[in-house]
Structures are given as C-alpha cells and as structure tokens.
Protein chains: 2
Amino acid sequence: MLESHARVGIRNRLLHKIALEDWDLIGPHLEPITMKERQVLEVPAKPITHAYFLEIGVASVVAVDAEDHRIEVGVIGYEGVTGVPLIMGDSRAQHSTYMQIGGAGHRIAADQLCGAIARSDGLRLLFLKSAQGFMIQTAQTALANGRAKLEQRLARWLLMAHDRMTSDAVPLTHEFLAVMLGVRRAGVTVAIHGFERRGLVTTRRGELTVVDRPGIELVAGSFYGTPESELKRLLGSK
Amino acid sequence: MLESHARVGIRNRLLHKIALEDWDLIGPHLEPITMKERQVLEVPAKPITHAYFLEIGVASVVAVDAEDHRIEVGVIGYEGVTGVPLIMGDSRAQHSTYMQIGGAGHRIAADQLCGAIARSDGLRLLFLKSAQGFMIQTAQTALANGRAKLEQRLARWLLMAHDRMTSDAVPLTHEFLAVMLGVRRAGVTVAIHGFERRGLVTTRRGELTVVDRPGIELVAGSFYGTPESELKRLLGSK
DNA sequence: CGCAGCGGGTACGTTTCCGTACTGAAAAAG
DNA sequence: CTTTTTCAGTACGGAAACGTACCCGCTGCG
C-alpha cells in the first residue's frame, strides 16, 4: 500500500493507532523534532502552539498556582500526546509542560490537530480516550499526593518514567525529582539512599538506574498501576 | 416561544447553556430526581447508567485504588454534570461518585447523553469544556494534596462546597470531611476548632456554618480559585 | 424517659517531613 | 589545571499530621 506520508518508523503509540483512512489528516502535518531536557512545550495561560507526539523522552505536566506552588500532575511519553486541552476544545494551556527527560518525536500545529479532530469521528474518539487516560493519571496523582509516603511516591514516579524509557538509567537530579513530587531535595536524597541500600537502584551524579523494578513496584504498592492498566483498557492491549 | 420540553425552572448551569436548537436532544430525556446524601451515582469499574445535572446538593468524586486508599478528586454541583467519562467516550466509571450533600436535579440515561453528544457539535463542545473544567479541578486537588496544609485544604473544600450551596450551613460530619481530605477525623476536628475560634465558622453536631467567607478564602490562599475562574473562562462569565 | 450509638473533644507518643544550612565531591567553565 | 558551579550527603530542631484510644454529650429510638 502506498502512503504519501509514510508511517514507517513511527513509534508513538497514539499515532500508531490512527486508522489508515484518518492518516492523511495527521501525517502530512507532522514535523519531526528532537527536544532537550527542560525544553518548554506549554506555558500556563498561553496558547498551545503544538501538540507533541513523543517517541523518546518524558514530558512533565506541572500544575502551578498564583503563589507559585507547583507539583507534577502527570507525565507523558511515547504512549500519548501533549496538549490535552486542545482535545477538549480549549486552546490555552492550563499547566506548565516541559521535557523532563530529553528525547524526540513529532509535533503538529495546534490548529491542524483541532481541524483533524473536527473532521474525523474516529480521530476524535482516539484522542479523547488518550485524554481520558491522562485524567486518570492526574486523579491517581492526587491520590498519591494525599495518601502516599514520600518513598512510595518516589517509587511511583520512577516506575512511570521507566515505563516511558528505553534505558534503565534515569538522567535526573534529586533537585528535579523534588520539584516533581513537591518535596524537599534533601528528602529525595534520603529516600533514594534507602532504595540504594536495598539494591533497588544504583546512582551516579545526576543519574539513577533502575536495578530491581519488581522491588520498586513493591514499594509503590497500589499507588502505581491504575493509570497504566486503564490506558490499556481504553486504547487496546498492545 | 414554544418548547415541547420546558426549560423553565432549570437551574443547572450547564443545561442552561445548551443552545435552543440542541435542546431537543437533551431535554426530552431528562428525568427529575431528588437525591439523599450518600446516594451513589457511580461505582468504580462499573458502567455509568446516568449523568446527573444537579441543581441542589453536592456530589463527591472519589478516587480509589486497589488497597482501598481513597481521596476526593473533585466536587460537582449545579455548575456541571457527573459522568465525565461518558463525555470522553468511556462508558465505565473510574471513580466512586456519590452525593455528599443531598439535593435534586435531573438525570439522563448514559446512552441518550452519548447519542446527543454524537449528533451535535455544539453539545459536544459544551460538555467537553465542562469536562475540561473538571480536569482542572482535579489537577488543583493534586496540587493542594501535595503542597497545602490540612487547614488550607479544609478551607478550600469548604469554599468549593459553599459555592455550590444555597445555604451557608454545610450538613456534614467531621468523619466525612476527613475521608474527603484523606486525613484523620481528629485532625479535622482540631482544624475546625481553629476556624471556630477565629470566627470563620460556627458548628453544631453534624453541621458547619460558613460565617466569614472572605476569612476562609484568606486561609485557603491560592489553593482555592483556579478551577472556578477557569470554568468561567471556559463556559462564559454568567 | 431511658438507653444505645453516633459524632465530637481531647490526649499522647510517634512518624514523617519540613526549613535551613553547612560540607565535600564531581563536573563544567575558564 | 584551576576556578566555579552544581549536585549530593548530612545534620538538627521543629512543625504537622498520624495512629490510637478514651470519654462525653447529643440525638434518636424503643
């Protein structure tokens, strides 16, 4: 079969699930892009310019309030797309979104995405389910923030990042982990120390490597897993 | 103007915003209903049977995990509708939803709502924006859970409930407030005591009355307000 | 009216995490 | 190679909230 804009090499799961007959609405507008860590994708209260389909790397979605309190409400990787408000018919970003772990993928201009969604019921349903998956993630984050101990939250974060990475090495400083979790940097250091002592991870300056993933899952308990299984249910098991 | 199914007396804000030409898709399927406190509207992992447009009362949306940790991720009153997953094309409830404060309103069968949304772009956009508003609320809850002190979270909750009530009296036990906030019952008692001492509220057994709303807003700080102003932006200022 | 049960007040030791801050080591910059 | 910066380790007092538990007083019911 001939496709004017090849889907070959596309590894973003959401792009992959786009039906062939809808591909022409999306594919031609995709622009390959690489992104460094800390690269900003969305700024609160500003228009969203592009939606990013990551294939490598992890983006953080961080809620901010008027007094500059901030906390991560979700992460996005190869399984989804940034710019959830666009899917909901809103052109403004609510949250701060930026690359937590550098990577690459494709992006599409906001109006192209909106146009495509408006034109195809199938596309709209697909993106809505992706957005629903993100909502579930946010809700579980609220649960973890309110109920879980620092150690459990750290484990949860590591697992979610690990899910979205090809390597076991997470290139992140304690400082940034602390911002994500909304806790002290020193608290993260101590918690990671505990993980290291139990052989769950190894660390180097600015890097943390997952060694015993099942062990980390044990620490996270049921604070990890719901968004992941729900996303499977929503978008199919692949 | 003649309307086969009168909109007279409809005080749910979302229903109010439905365009006249869309009303026939919704109005005829609405069923008036009164609901006692604790009445269950949605059960996790079960199909959603109806969407509820409240006019009086407050519903709580509570996230639950496999180990039965639970915390409220949002509240819904006259400004919105329950059954957000339906809007997202998902027929299953993710969260536990029940009336926290008894009330009344209308409900519509899930498939009728889905059908209406599928048939009208305007309706779909309206409901999507409502869902987006709820997402914002959930994200702010995650922020408050991670960053705010018990006293601030309590203030936030009281304000959100108060917004959705006609009376200043909130008929709720400390026990239930504790479940919402994910804290100890005793902790709520002490916090409320502090409010009472400062003249922010008065209390009776099983009831709490808002006296000094601006004072409570001061306590909540910026943990309160974002979802409210964003909803205005999304759905218009009325 | 008396009693049972629910809701609320209070207490106490303990855990968790914070705020702050100092230090040393590793990497980056010059 | 030296300087500067960033990152991690560690400490300490204190605040916040926890788990638990006991008691009392409304309130509703028999």
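This is a predicted model: local features need pLDDT of at least 70, side-chain atom pairs count only at pLDDT 80 or more; totals for chains, interfaces and linings use all residues.
Good morning. In the structure before you, 36 residues of chain A are in contact with 36 residues of chain B.

On the side of chain A that touches chain B, the elements giving two or more residues are strand 4 (70-76), helix 5 (121-147) and helix 10 (226-235) of chain A. Helix 5 of chain A gives the most, with 16 residues. Sorted by class, this side of chain A has 16 nonpolar, 14 polar and six charged residues.

How are the two copies related? Chain A can be laid on chain B with an RMSD of 0.0 Å by a turn of 180 degrees, with a shift of 0.0 Å along the axis. The relation is therefore that of a two-fold rotation axis. In chain A, the C-alpha nearest the axis belongs to A:Ala142, at 1.9 Å from it. The same surface serves both copies, since 100% of the contact residues of chain A recur in chain B.

DNA strand C is surrounded by 17 residues, and the closest are A:Leu150, A:Val183, A:Gly187, B:Thr173 and B:Ala186. Which of them supplies the largest share of the surface near DNA strand C? That is helix 8 of chain B, with four residues. In composition, the surface near DNA strand C divides into five nonpolar, seven polar and five charged residues.

For DNA strand D, the number of surrounding residues is 20, and the closest are A:Thr173, A:Ala186, B:Leu150, B:Val183 and B:Gly187. Two or more residues come from each of helix 7 (174-181) and helix 8 of chain A, and from each of helix 6 (150-163) and helix 8 of chain B. Here helix 8 of chain A makes the largest contribution, five residues. The surface near DNA strand D has six nonpolar, seven polar and seven charged residues.

Next, a sheet in chain B. Three strands form an open sheet in the order 6-8-7, with antiparallel pairing. Strand 6 (169-170) and strand 7 (201-204) of chain B stand at the edges with a single partner strand each, so one side of each has no neighbour in the sheet. Between strand 7 and strand 8 (residues 207-210) of chain B, the antiparallel pairing runs over four bridges. As a detail of the sheet, B:Arg204 has B:Glu207 in strand 8 of chain B as its bridge partner.

Finally, two backbone details in chain A deserve a look. A:Arg38 is not a glycine, yet its phi is positive, at about 75 degrees. A:Arg38 is found in the loop between strand 1 (31-35) and strand 2 (40-42) of chain A. Is A:Arg38 buried or exposed? It counts as exposed, because A:Arg38 has 12 C-beta neighbours inside 10 Å.

The second residue is A:Ala45, with a positive phi near 70 degrees, again in a residue other than glycine. A:Ala45 sits in the loop between strand 2 and strand 3 (50-64) of chain A. With 13 other C-beta atoms within 10 Å, A:Ala45 is partly exposed.

That concludes my presentation. Thank you for your attention.

How values were computed:
Residues are numbered from 1 along each chain as its sequence is written. Chains are lettered from A and ligands numbered from 1 in the order in which they are written. A residue is near a molecule or strand if its C-beta atom, placed from the backbone, lies within 6 Å of it. Ala, Val, Leu, Ile, Met, Phe, Trp, Tyr, Cys and Pro count as nonpolar, Asp, Glu, Lys and Arg as charged, and the others, Gly among them, as polar. Copies are superposed by least squares on the C-alpha atoms of residues with pLDDT of at least 70 in both. Two residues are in contact if their C-beta atoms, placed from the backbone, lie within 7 Å. A residue is buried if 20 or more other C-beta atoms lie within 10 Å of its own, exposed if 12 or fewer, and partly exposed in between; C-beta atoms are placed from the backbone. Two strands pair if DSSP finds at least two bridges between them.
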